[in-house]
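Me: I would like to go through this model with you and ask, term by term, what each description rests on.

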Amino acid sequence: MHALAVLAVLVAGAGCRNTPSFDRSAVASDEHPTATRHRADDAPRRVRLAEGRRVFRFDTFGDEDFWGGTLRLHQAIEGSAHGGVGPGVSPKTALGVGLKVDVDALAQATVDALKAGKVDLDDPAVTVALLTSNAVVGVTGFSDGKGGLRTLGIQCALCHSTVDDSFAPGVGHRLDGWPNRDLNVGAIVGLSPDLSAVAKLLGVDEKTVRAVLASWGPGRFDALLFLDGKAFRPDGKSAATVIPAAFGLAGVNLHTYAGWGSIPYWNAFVAVLEMHGKGNFYDPRLDDASKFPVAARAGFGHVKADPDFVTSKLATLHEYQLSLEAPRPPEDTFDQESAKRGQQVFSGKCAQCHVAPLYTEPGWNMHSGAEIGIDDFQASRSPDGRYRTTPLRGLFTRAKGGFYHDGRFATLNAVVDHYDSALRLGLSAPEKSDLLEFLKSL
Ligand code: HEC
Ligand code: HEC
């Protein structure tokens, strides 16, 4: 099929299913258990959850003025053939840097054309069409009406959703809350033809910014770089963290690896300071110029925006996140009997911190690096100087990229070995393997 024909098909069919508009029926029964019961008094809640889901998936909070307006990322994606710069980004390249395609946003004709191998996956025009029809998870392109892009914005779903690969690798149904451990955020931002704004903020040259972005790798992002300017750990490795799960957070007190605050705290932080959406944000802790030189200089603790596209959405966004339960691993992926025995080991050695069923502490869920046998580097970049006990459910969704905040342990085996030696647990080989099966069952 000719690229332009594909474009017409994509745009014609896809927009209506998944446009970022308010949709009362959006929370389907498969997404939330209470929605299946249809009690009359559930209706307002379902409406709020639907709105929260819309925000999570589709709201840019006005950040297109940064990603398109300042970084001009849309120009690199459309390429010079459509009024942009460079060769453009083909669908193949987009999938290669870990972007995901939502098959439910595609018109049937597009699905058929894809199946028949008639979509040109080397043509940036196809990427543009996917972006303007909200089919690329977490990124929306705004059409210029001439086959190119006027601008581009990002959403929470970019990092905190993936797809189930049911159609093809990287193409399937959305899985909200699952971390996208394929997503190379650094490579994507690095496509920008103009990173001078980021360089200026950090007080370095553009070449340095590009080197730092290239150091992150798939599934990683450094949310604190824009506060303290620290791009590398003392051992020379990248200071980026692995993207965490955004499900299974209900009941958990502090959030992020170093416990910056509650869910709504962090949501406002991210929407305003990281995504560059337009909203108010207040945190005088960021005025500490010795700890957060970049943030203190830029006044990040006192951001005011009028209009504010963030604050009014925090309640429904929060409610939606609380509704995202941790997924259960398929039963054939672990040994049930061994996992049962492993639960006993866990209760004896791990449960003082990972308290079931939250698998983090009820209360102030924070520990020093020494308590878990690691260095303090990442903890010291945060206000409380400690690590938050990670809620462990759904571990199987984040096996790629490693465990702990920086993915330092490639496997759960390595995590267990670490605890065994650091906390001198004296686990036998059978105990270790049972514990492993239990972790896989969470
Ligand atoms: C560019 C990728 C990216 C985007 C976009 C993004 N996040 Fe995150 N998110 C991260 C990373 C990385 C962390 C870990 C930060 C840390 O601990 O230092 C995180 C942490 C979180 C956490 C804490 C999870 C926990 O274990 O407690 C929540 C909640 C969250 N993000 C929600 C959101 C919401 C809501 C949005 C949209 C407003 C969003 N994020 C946008 C990458 C992203
Ligand atoms: C002193 C409290 C404490 C104890 C005891 C403890 N943990 Fe942890 N656990 C933590 C903290 C804090 C983190 C976060 C570390 C990080 O991100 O760098 C963590 C992280 C983890 C992770 C990584 C989760 C992820 O998604 O990256 C796993 C798995 C884990 N713990 C399993 C265990 C097991 C198994 C035991 C018992 C052998 C145990 N923990 C004992 C506090 C504890």
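Me: How do the axes of α16 and α18 lie, and at what angle do they cross?

Reply: In this predicted model, the axes of α16 and α18 come within 7 Å and cross at roughly 100°.

Me: Why are α16 and α18 called roughly perpendicular?

Reply: Angles of 65 to 115 degrees count as roughly perpendicular, and the axes of α16 and α18 cross at roughly 100°, so the two helices are roughly perpendicular to each other.

Me: Which residues of α16 and α18 meet?

Reply: On the side of α16 the contact is made by S338, A339, R341, G342, Q343, V345 and F346, and on the side of α18 by E431, S433, D434, L435, L436, E437, F438 and S441. Sorted by class, this contact of α16 with α18 holds six nonpolar, five polar and four charged residues.

Me: What makes E331 count as exposed?

Reply: A residue is exposed if 12 or fewer other C-beta atoms lie within 10 Å of its own; E331 has 8 such neighbours inside 10 Å, and therefore counts as exposed. E331 belongs to the loop between α15 (314–323) and α16 (336–349), and its C-alpha atom is separated by 7.8 Å from that of S441, although E331 and S441 are 110 residues apart along the chain.

Me: How do you know that α7 is mostly covered?

Reply: The term buried asks for 20 or more other C-beta atoms within 10 Å, and nine of the nine residues of α7 (124–132) are buried, among them P124, V128 and T132. Just after α7, N134 takes a positive phi of about 60°.

Me: Which residues come nearest to ligand 1, and how does its shell divide by class?

Reply: Of the 25 residues around ligand 1, those that come nearest are C156, C159, H255, T256 and Y257. The shell divides into 20 nonpolar, five polar and no charged residues. α8 (157–160) and α13 (263–274) each supply at least two residues of this shell, and the largest share, five residues, comes from α13.

Me: Which residues come nearest to ligand 2, and what classes make up its shell?

Reply: Around ligand 2 there are 24 residues, of which C350, C353, F403, Y404 and H405 come nearest. The elements giving two or more residues to this shell are α17 (412–422) and α18 (429–441), with the largest share, four residues, coming from α17. By class, the shell around ligand 2 has 15 nonpolar, six polar and three charged residues.

Notes
Residues are numbered from 1 along each chain as its sequence is written. Chains are lettered from A and ligands numbered from 1 in the order in which they are written. This is a predicted model: local features need pLDDT of at least 70, side-chain atom pairs count only at pLDDT 80 or more; totals for chains, interfaces and linings use all residues. A residue is near a molecule or strand if its C-beta atom, placed from the backbone, lies within 6 Å of it. Ala, Val, Leu, Ile, Met, Phe, Trp, Tyr, Cys and Pro count as nonpolar, Asp, Glu, Lys and Arg as charged, and the others, Gly among them, as polar. Axes are lines fitted to C-alpha atoms, for helices over the stretch in contact, and angles run from 0 to 180 degrees between N-to-C directions. Angles under 35 degrees count as roughly parallel, over 145 as roughly antiparallel, 65 to 115 as roughly perpendicular and the rest as oblique. Two residues are in contact if their C-beta atoms, placed from the backbone, lie within 7 Å.
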